[in-house]
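I want the ligand surroundings, the helix packing and the core, in short points.

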Amino acid sequence: MSRLFRIAIDGPAASGKSTTAKLVARRLNFGYIDSGAMYRAVTLKCLENGIDPTQKNNDAKVAKLASEASIRFPRLGSVELDGRDVSSLIRSSEIVRAIAPVAANPSVRATLAQQQRDLASGATESGLSSESQPKGVVMDGRDIGTVILPDAELKVYIIADARIRAQRRFDELMAKQGTAPGESVDDIARDLAARDLADQTRKISPLKKAEDAVVLDTSNCTIEEQVDSIERLVHSRMGSK
Ligand SMILES: Nc1ncnc2c1ncn2[C@@H]1O[C@H](COP(=O)(O)OP(=O)(O)O)[C@@H](O)[C@H]1O
Ligand SMILES: Nc1ccn([C@H]2C[C@H](O)[C@@H](COP(=O)(O)OP(=O)(O)O)O2)c(=O)n1
C-alpha cells in the first residue's frame, strides 16, 4: 500500500481547524481524523462512569478508561465511542470543563497517540471516514505537526483573533440551539483563553507551531478561502513529490 499524504492541522481553540479539515478531506476524498474528538470522547467516558478527571487522584482511573475506550470515525465528522454515536454529546460545556486533565495525562496521550498514528498510516482502515480508499488523511489537533506526525507531508498552523474566535463559537452554539446560549461572548472568550493557556503550558505535547508549519490566519478569511489555501498547498506538494 502506498503511503498516504498526511496533512497535520494544529492551532488554538475555535480557530477553524475542524471546519477546514473536514472540508479539505471532502474535497480531496481524504480521511479525516479529529484528534480533539478523541480527547473529548475519553472525557465523556470518564464522566459517564462517575470519574471526575479534575480530581487529581483519578489519573490512573482516567488512564484505564482511555485504554478501554473504542473510538472510531465511521463517517466524515461523526464520532463513535464504544459503538455509540457521541458526535453531539462530546461538544457540551461539561466536557470542556473537565478535558484539561485528560489532555495532560501522559498515559491517555500515549494511548491516543498510538491510535492516531495507526489511523494516519491506514493501519486501522475502518477508522477512516473517507468512502473509498483515500489517498491521504487530514488530522487536526494541538500536537499533530509536532509530536504525532512530525514528518507529515503538509503542516498548517491555523490562528485567528481571540475575539473573532469567541464570536464564531457563540454563533455556532446559537445556530445549534436555535436560541442565544447560556454563555455570553465574553464567557466564551474567557473559556477559550483558559483552554489555550492550559494547552500551551502543559508539560507533555503542548500546543505550539511546528517550525515547518505554514501559518494560516483565518481572522479575515471566508471558510472557502481557508480550504482553497490548503488545497493549493496540497496540490503543489503532491506535484513536487
Ligand atoms: N473563516 C471563517 N469565517 C467564519 N466562521 C468560521 C470561519 N472558520 C471557521 N468558522 C466557524 O468558527 C467556529 C469554530 O471553528 P472550528 O472549525 O470548530 O474550530 P476548531 O476546530 O479550531 O476548534 C465554527 O462554528 C466554524 O463554522
Ligand atoms: N491533539 C490534541 C487535540 C486536542 N487536545 C485537547 C486540548 C483541547 O483543548 C481539547 C479539545 O480539542 P478540540 O480540538 O475538540 O477543541 P476545540 O474544537 O478547539 O474547542 O482536547 C489535545 O490535547 N491534543
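In this predicted model, the shell around ligand 1 divides by class into four nonpolar, eight polar and four charged residues. The shell around ligand 2 divides into seven nonpolar, four polar and five charged residues.

**Ligand 1**
- Ligand 1 is surrounded by 16 residues. Gly 16, Ser 18, Thr 19, Arg 168 and Glu 172 are the closest.

**Ligand 2**
- Around ligand 2 there are 16 residues. Those that come nearest are Ala 13, Gly 36, Tyr 39, Ala 103 and Gly 141.
- Helix H2 (35-48), helix H4 (93-103) and helix H8 (185-201) each supply two or more residues to the shell.
- H2 gives the most, with five residues.

**Helix H9**
- Helix H9 runs over residues 223-239, which is 17 residues. At 1.5 Å a residue it should span 24 Å, and its end C-alpha atoms are 24 Å apart, so the two agree.
- Gln 226, Val 227, Ile 230 and Val 234 are the buried residues of H9. They sit on the same side of the helix, because they cover an arc of only 95 degrees around the axis.
- The other side of H9 carries exposed residues: Glu 224, Glu 225, Arg 232, His 235, Ser 236 and Gly 239.
- The cover over the buried residues of H9 includes strand S1 (5-10), helix H1 (17-28), strand S7 (154-159) and strand S8 (214-217).

**Helix H3**
- Helix H3 covers residues 59-68, and Val 62, Leu 65 and Ala 66 are buried in it. Their arc is within 105 degrees seen down the axis, so they line one face of the helix.
- Ala 60 and Glu 68 are exposed on the face of H3 turned away from the buried side.
- H2, H4 and helix H5 (106-121) are what the buried residues of H3 pack against.
- Val 62 is found in helix H3. Why does Val 62 count as buried? It has 24 other C-beta atoms within 10 Å, and the cut-off for buried is 20 or more.
- Val 62 is in contact with Cys 46, Ile 51, Pro 53, Val 102, Asn 105 and Val 108, leaving aside neighbours within four places in sequence.
- From Val 62 to Gly 36 is 26 residues in sequence and 16 Å in space, C-alpha to C-alpha.

**Nonpolar cores**
- In soluble globular proteins, nonpolar side chains tend to be buried together.
- The largest nonpolar core here has 52 residues. Val 24, Ala 41 and Val 138 have the most contacts inside it.
- H2 provides the largest share of this core, seven residues.
- Which residues does Val 24 touch, not counting those up to four places away in sequence? They are Ile 7, Phe 30, Val 138, Val 227, Ile 230 and Glu 231.
- A second, separate core has six residues, among them Ala 14, Ala 166, Phe 170 and Ile 188.

**Positive phi**
- Most residues other than glycine have a negative phi.
- Ala 14 has a positive phi, near 60 degrees, and is not glycine. Its place is in the loop between S1 and H1.
- Ala 14 is buried, because 24 other C-beta atoms lie within 10 Å.
- Asp 82 also has a positive phi, near 50 degrees. Asp 82 is in the loop between strand S4 (80-81) and strand S5 (84-85).
- Is Asp 82 buried or partly exposed? Asp 82 counts as partly exposed, because it has 13 C-beta neighbours inside 10 Å.

**Asp 118**
- Asp 118 lies in helix H5.
- With 13 C-beta neighbours inside 10 Å, Asp 118 counts as partly exposed.
- Asp 118 and Pro 134 are separated by 16 residues in sequence and by 15 Å in space, C-alpha to C-alpha.

Methods:
Residues are numbered from 1 along each chain as its sequence is written. Chains are lettered from A and ligands numbered from 1 in the order in which they are written. This is a predicted model: local features need pLDDT of at least 70, side-chain atom pairs count only at pLDDT 80 or more; totals for chains, interfaces and linings use all residues. A residue is near a molecule or strand if its C-beta atom, placed from the backbone, lies within 6 Å of it. Helices (H or I, at least four residues) and strands (E, at least two) are DSSP runs, numbered from the N terminus. Ala, Val, Leu, Ile, Met, Phe, Trp, Tyr, Cys and Pro count as nonpolar, Asp, Glu, Lys and Arg as charged, and the others, Gly among them, as polar. The expected span of a helix is 1.5 Å times one less than its number of residues. A residue is buried if 20 or more other C-beta atoms lie within 10 Å of its own, exposed if 12 or fewer, and partly exposed in between; C-beta atoms are placed from the backbone. The arc is that of the directions from the helix axis to the C-beta atoms. Two residues are in contact if their C-beta atoms, placed from the backbone, lie within 7 Å. A nonpolar core is a set of buried Ala, Val, Leu, Ile, Met, Phe, Trp, Tyr and Cys residues joined through C-beta atoms within 7 Å.
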